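Q: I have a model open and want to learn how to read it. Can you walk me through it?

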Amino acid sequence: MGSAEFTLDALTAWGRDFGAALVAPRCITLEGDLGAGKTTLVQAIAAGLGVVEPVTSPTYALVQSYASPKGTLHHLDLYRLRGPSQLAQLGWYDLVQERAIVCVEWPDRAGDELPRVRTALTLAHVPDRTDVRRLTWTD
């Protein structure tokens, strides 16, 4: 487990380095309040993986997939789900069994259906420092 505070630029650099080191298959969960930087961190991870197309928030599409030299990146935003019973509609079970990098925002909506082996990233605002986020991670 680790924890550090980053400016948004430093968080982006951390995300790129993290993405460059990833090897599929890997599930990464991202938690944090709205506006904490979850999608920004996924964009940085994607850049580190070598994704060249713009990575956007999948809030309405729920799932976005991107090709990279290191394999497919699936970016899921489960915010709009009511619970794990809706996961099958997204092709969840195929996505998490594929040899891919899967980044999941709002993982609490997946409940016990999350892969047991995963990297958990949590972002938090730092009081009185709008340009800094606290990142906590577990493997």
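A: Axes are lines fitted to C-alpha atoms, for helices over the stretch in contact, and angles run from 0 to 180 degrees between N-to-C directions. Helices (H or I, at least four residues) and strands (E, at least two) are DSSP runs, numbered from the N terminus. This is a predicted model, where local features need pLDDT of at least 70, side-chain atom pairs count only at pLDDT 80 or more, and totals for chains, interfaces and linings use all residues. Residues are numbered from 1 along each chain as its sequence is written, and side-chain values use heavy atoms, leaving out hydrogens and water.

Q: Which strands does α1 lie across?

A: Helix α1 lies across β1, β2 (26-31), β6 (119-126) and β7 (129-138), and runs at about 130° to β1.

Q: In what order do the strands of the open sheet come?

A: Two strands pair if DSSP finds at least two bridges between them. Here seven strands go β1-β7-β6-β2-β5-β4-β3, with mixed pairing. At the edges sit β1 and β3 (63-68), each pairing on one side only.

Q: At what angle do the axes of α1 and α2 cross?

A: Two packed helices are described by the angle between their axes and the distance between the axes. The axes of α1 (residues 8-21) and α2 (residues 38-49) cross at roughly 45° and come within 6 Å.

Terms used. Contact means heavy atoms within 4.5 Å.
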